[in-house]
Amino acid sequence: MFMGEYLHTIDNKGRLIVPVKFRESLGDHFIATKGLDNCLFIFPLKEWKSFEEKLKQLPISRPNARSFVRFFFSGAAECELDKQGRILLPANLREYASLDKDVILAGVMNRIEIWDNSRWKDYSSNAEDHYAEAAESLVDLGI
């Protein structure tokens, strides 16, 4: 399980150090893709396969379902850690999430999210609005 948030820097070659606490759960090879809210999602291969199976269940006849699947798969790239614990983030993914230098790596249960630091601050400052909606969902689930 991934949890916590870490401030790191992307170097001029597009490489990012993955926090030591994330490396063991992540594995040597993993999937990076576009995420929701203009961040990136990083999935260990096992979690990506589980996510893929769920997406396969969406009805291909529905335009919204096709768009949702296309969104995640068209931007997906298999990545690997180098010997220094860094990953090379593909340029198209860095551009999508507006990742330039300072980034936040946030552990979110089964994935890592990578955010531009200033966008993360904006999101976090408005998060209370999101919490109220999430709390309602939990009540609906009986949690």
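Biologist: How many helices and strands are there in the chain?

Modeller: The chain has six helices and eight strands, taken as DSSP runs (H or I of at least four residues for helices, E of at least two for strands) and numbered from the N terminus. This is a predicted model, where local features need pLDDT of at least 70, side-chain atom pairs count only at pLDDT 80 or more, and totals for chains, interfaces and linings use all residues. Residues are numbered from 1 along each chain as its sequence is written, and side-chain values use heavy atoms, with hydrogens and water left out.

Biologist: In what order do the elements run from the N terminus?

Modeller: The order is β-β-α-β-β-α-α-β-β-α-β-β-α-α.

Biologist: Which residues touch the most other members of the largest nonpolar core?

Modeller: They are Leu16, Ile87, Leu89, Leu99, Ile112 and Ile114, in a core of 21 residues. Such a core is a set of buried (under 20% relative accessible area, 1.4 Å probe, protein chains only) Ala, Val, Leu, Ile, Met, Phe, Trp, Tyr and Cys residues joined through side-chain atoms within 4.5 Å. Among the elements giving two or more residues to this core are helix 1 (20–26) and strand 8 (111–116).

Biologist: And what does Ile112 touch?

Modeller: Leaving aside residues up to four places away in sequence, Ile112 touches Phe2, Phe22, Leu26, Leu40, Phe41, Ile42, Leu105 and Ala106, with contact meaning heavy atoms within 4.5 Å.

Biologist: Changing topic, what percentage of the residues is buried?

Modeller: Buried residues account for 35% of the 143 in the chain.

Notes. Buried < 20%, exposed > 50% of the residue type's maximum accessible area, 1.4 Å probe, protein only.
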